[in-house]
Amino acid sequence: MSKQTIQWYPGHMHKARKEIAEVMPQMDLIIEVLDARIPYSSENPMISDLRGDTPCIKILNKSDLADPIVTAQWLEYLELEEGVKAYAFTTQEPAEIKKIPQLARALVPNKEGAHKVIKAMIMGIPNVGKSTTINILANRIIAKTGNEPAVTKQQQRIKLDNGIVLSDTPGMLWPKVQNPLSGYRLASTGAIKDTAIEYDDIGMYAAEYLCKTYPDAMRARYKLDNLDKTDIELLEDIGRGRGCLGPGGFVDLNKAAAILINELRTAKICRISLETPAMAEAEKQAVIERLALEGVKIKKRKPKKKRR
């Protein structure tokens, strides 16, 4: 499988970045919604650059689809960054989402008391459940939702009942996904349009990763006997087992990939995480080294200050 570099940056996202940079200094708090299956790949590096020292709540949404053991590792890892608190939620449990305002006030101690307004900005890449989260917090339909990435096209302000003014922003990707593996993970979970990368290419990536990481679940789901094969052979076996045959008895890789990706996204295989903190650290270092050779500098995560 040849690794493709994902570039998908619609015009409204470029505009949103400029608008966010202008209002960011006025914010008391940032809420970033991540996909619990890919916290590293769904974490927008531009948000870290823009927020500066502003406190941040990182929500690992869709945690009901992710591997719970890996999610626990991510919660601990994300809180290593100064000013960050991380929580795993799912929009299928509205009561948990409604705890966010209480968590927000704990992170902004100078705004104690319900009479003091907290200005919060909620951010996240496309299709991580940001709009659904907003609707639950507001107790009404405010933000348009949908499975299609990049539904929200412009900023809007929402006044919540608990003294928090929430600024919604478009789901914002960055101009170029520097880590090719992150591109495949974003495509696998539906964060970018399926047309941004070849579908059978996504399927081959997913087949190889899942067979290595969740072999028992893959054997059970697709009746696979031998997992010691190439990515294309694994996808062919999955397609053959599901009857994805074209003329001449050849496997239609596009149809096989569509089945695999759909069942990955809906956790029909099992609860899946596509990356771990250890993988993220190794891949970030590889990107830094590669970009250093190209003369590009990347800001590093701010470490949490040691307690005295």
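Which residues does Met218 touch, not counting residues up to four places away in sequence? I looked that up before anything else. The list reads Leu210, Cys211, Lys223, Leu224, Ile238, Leu260 and Ile269, with contact meaning heavy atoms within 4.5 Å.

**Ground rules.** I am working on a predicted model, where local features need pLDDT of at least 70, side-chain atom pairs count only at pLDDT 80 or more, and totals for chains, interfaces and linings use all residues. Residues are numbered from 1 along each chain as its sequence is written, and side-chain values use heavy atoms, with hydrogens and water left out.

**Core.** I went from Met218 to the largest nonpolar core, which has 60 residues. Such a core is a set of buried Ala, Val, Leu, Ile, Met, Phe, Trp, Tyr and Cys residues joined through side-chain atoms within 4.5 Å. Buried is under 20% relative accessible area, exposed is over 50%, and partly exposed is in between (1.4 Å probe, protein chains only). Met218 is among the residues with the most contacts inside the core, along with Ile31, Leu166, Leu210, Leu260 and Ile269. Helix α8 (residues 199-213) gives the largest share of this core, nine residues. Helices (H or I, at least four residues) and strands (E, at least two) are DSSP runs, numbered from the N terminus.

**Sheet.** I traced an open sheet of six strands in the order β3-β2-β1-β4-β6-β5, with mixed pairing; two strands pair if DSSP finds at least two bridges between them. β3 (84-88) and β5 (156-159) are at the edges with a single partner strand each, so one side of each lacks a neighbour in the sheet. On average, neighbouring strands are turned by 25° against each other, direction ignored. β2 (residues 56-61) pairs with β3 in the parallel sense over five bridges, and I found Leu60 opposite Ala88 in β3.

Next I checked what packs there. Helix α6 (residues 130-138) touches β1, β2, β4 (118-124), β5 and β6 (164-168), and its direction makes about 150° with that of β4. Helix α3 (residues 68-78) lies across β1, β2 and β3, at about 165° to β3. Axes are lines fitted to C-alpha atoms, for helices over the stretch in contact, and angles run from 0 to 180 degrees between N-to-C directions.

**Asp35.** Leaving aside neighbours within four places in sequence, I listed Ser42, Asn61, Lys62, Val128 and Thr189 as its contacts.

**Rings.** I counted four aromatic pairs, where rings of Phe, Tyr and Trp (its six-membered ring) pair if their centres lie within 6.5 Å; planes under 30 degrees apart are stacked, over 60 edge-to-face, the rest tilted. Trp74 and Tyr77 are edge-to-face, 5.4 Å centre to centre with 85° between the planes. Both lie in helix α3, three residues apart, and both are buried. Tyr87 and Phe89 are stacked, because their centres are 6.2 Å apart and their planes at 5°. Tyr87 is partly exposed at 22%, while Phe89 is buried at 5%.

**Glu275.** This one sits in the loop between α11 (253-265) and α12 (277-293), buried at 0% relative accessible area. I found its side chain 2.7 Å from the backbone nitrogen of Tyr40. Glu275 and Arg185 also meet, side chain to side chain, at 2.9 Å. Beyond four places in sequence, contacts of Glu275 include Val70, Trp74 and Tyr209.

Definitions and conventions:
Polar contact = N/O pair within 3.5 Å; in protein donor to acceptor, adjacent residues only side chain to side chain.
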